[in-house]
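User: Please take a close look at one part of this model. Then place that part in the rest of the fold, with the contacts and charge pairs spelled out.

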Amino acid sequence: MDTYGPQIIIEVLSVMFESFSTIITTNSGTIDKYIGDAIMALWGCPESIEDPEMCACVAVDQILEELAKLNVIFLHKFNIKMRVRIGLHSGEVRAGNVGSSQRLNYTVLGNTVNLAARLEPLNKELSTSVLVTDSIRKETGQAFSFRALGRINVRGFKEPILVHEFLGANPKIDSKTQLLLQQFSGVDDALCKPDTENTDDSSLERLLQEFIAKFPDDKAAARALDLLHKS
């Protein structure tokens, strides 16, 4: 984006923010703030809602669909193809007004917020668009497809965090993605086992290598193998 003029950048971001914000609020979300080219959104704060994880995933799925439509326009008008990076996590937060006597903002704080924020840039490292934690997958796994990519050392957290790639709503998953998930199932099962039952690294490495041999263009799987080597 830095290679384009400020007018184009502002126009593209404004269109994306308008579309994505509508999707978020339509699905019971709350816009906490806009941070540069990012949106921070909440589900279940300030008002409690049913199935916040499900609402968040529906919104993410619709955002990905909307981005595909917007990119047709952006490519035609500006020769730009935009990507998004999204991190989702659920848990307890501290919520309230924070600021000074001159200005207060309602926001949320705590480890739940910090972890979601850490997941967003991790997408760049893993060549993914959306990463979620166990707490999201366990609440929405019947409606959406995911695959585990590994246990990641996240700054500010003592134990490695198991991260999952969000692949979309089950009824919309195309045949290519269905095949990928079928072939990746052995890796996914091994990574999702509890710590006390974890598959040893050599077996997991073999499973990943076998998958990559079949899907050599899968950058996320290749990065998962790199992370395993670093662990």
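Analyst: Ala 143 sits in the loop between α4 (134–140) and β7 (144–152). Helices (H or I, at least four residues) and strands (E, at least two) are DSSP runs numbered from the N terminus. The model is predicted, so local features need pLDDT of at least 70 and side-chain atom pairs count only at pLDDT 80 or more, while totals for chains, interfaces and linings use all residues. Residues are numbered from 1 along each chain as its sequence is written, and side-chain values use heavy atoms, with hydrogens and water left out.

Ala 143 has 26% relative accessibility and counts as partly exposed (buried is under 20% relative accessible area, exposed over 50%, partly exposed in between, with a 1.4 Å probe and protein chains only). Apart from neighbours within four places in sequence, Ala 143 is in contact with Met 54, Ala 169, Asn 170 and Pro 171 (contact means heavy atoms within 4.5 Å). Ala 95 is 48 residues from Ala 143 in sequence, and the two C-alpha atoms are 29 Å apart in space.

Asn 105 can be described in the same terms. Asn 105 belongs to strand β5 (residues 104–109) and is partly exposed, with a relative accessible area of 39%. Asn 105 touches Gly 96, Asn 97 and Val 98, if residues up to four places away in sequence are not counted. The C-alpha atoms of Asn 105 and Asp 32 are separated by 8.8 Å, although the two residues are 73 residues apart along the chain.

Asp 32 also takes part in a charge pair. Lys 33 forms a salt bridge with Asp 32, the closest N and O atoms being 2.4 Å apart (a salt bridge is a side-chain nitrogen of Lys or Arg within 4 Å of a carboxyl oxygen of Asp or Glu). Asp 32 is buried at 13% relative accessibility, whereas Lys 33 is partly exposed at 30%.

The whole structure holds 11 salt bridges. One of them pairs Lys 77 with Glu 11, whose closest N and O atoms lie 2.8 Å apart. Lys 77 is in helix α2 (residues 52–78) and Glu 11 in helix α1 (residues 6–26), so this pair ties together parts that are 66 residues apart in sequence. Lys 77 is exposed at 52% relative accessibility; Glu 11 is partly exposed at 32%.

Glu 120 and Arg 85 meet in another salt bridge, at 3.4 Å from N to O. Here too distant parts of the chain are linked: Glu 120 is in helix α3 (residues 111–126), Arg 85 is in the loop between α2 and β3 (86–88), and they are 35 residues apart. Glu 120 is partly exposed at 29% relative accessibility, and Arg 85 is partly exposed at 40%. Salt bridges with shared partners also join Asp 61, Glu 65 and Lys 172 into one network.

Helices α1 and α2 pack against each other. Their axes come within 10 Å and cross at roughly 155° (axes are lines fitted to C-alpha atoms, for helices over the stretch in contact, and angles run from 0 to 180 degrees between N-to-C directions). The two helices are therefore roughly antiparallel (over 145 degrees; under 35 is roughly parallel, 65 to 115 roughly perpendicular, the rest oblique). Residues of α1 in the contact include Glu 11, Val 15, Phe 20 and Ile 24, and those of α2 include Ile 63, Leu 70, Phe 74 and Lys 77.

Helices α5 (residues 175–192) and α6 (residues 201–214) have axes that come within 9 Å and cross at roughly 165°. That makes α5 roughly antiparallel to α6. Among the residues in contact are Leu 180, Phe 184, Val 187 and Leu 191 of α5, with Leu 204, Leu 208, Phe 211 and Lys 214 of α6.

Some backbone details remain. The peptide bond from Cys 45 to Pro 46 is cis, with omega near 0°, and Pro 46 is in the loop between β2 (38–43) and α2. Asp 51 is found in the loop between β2 and α2 and has a positive phi of about 55°, although it is not a glycine. Ser 28, in the loop between α1 and β1 (29–35), has a positive phi near 65° and is likewise not a glycine. Ser 28 is partly exposed at 38% relative accessibility.
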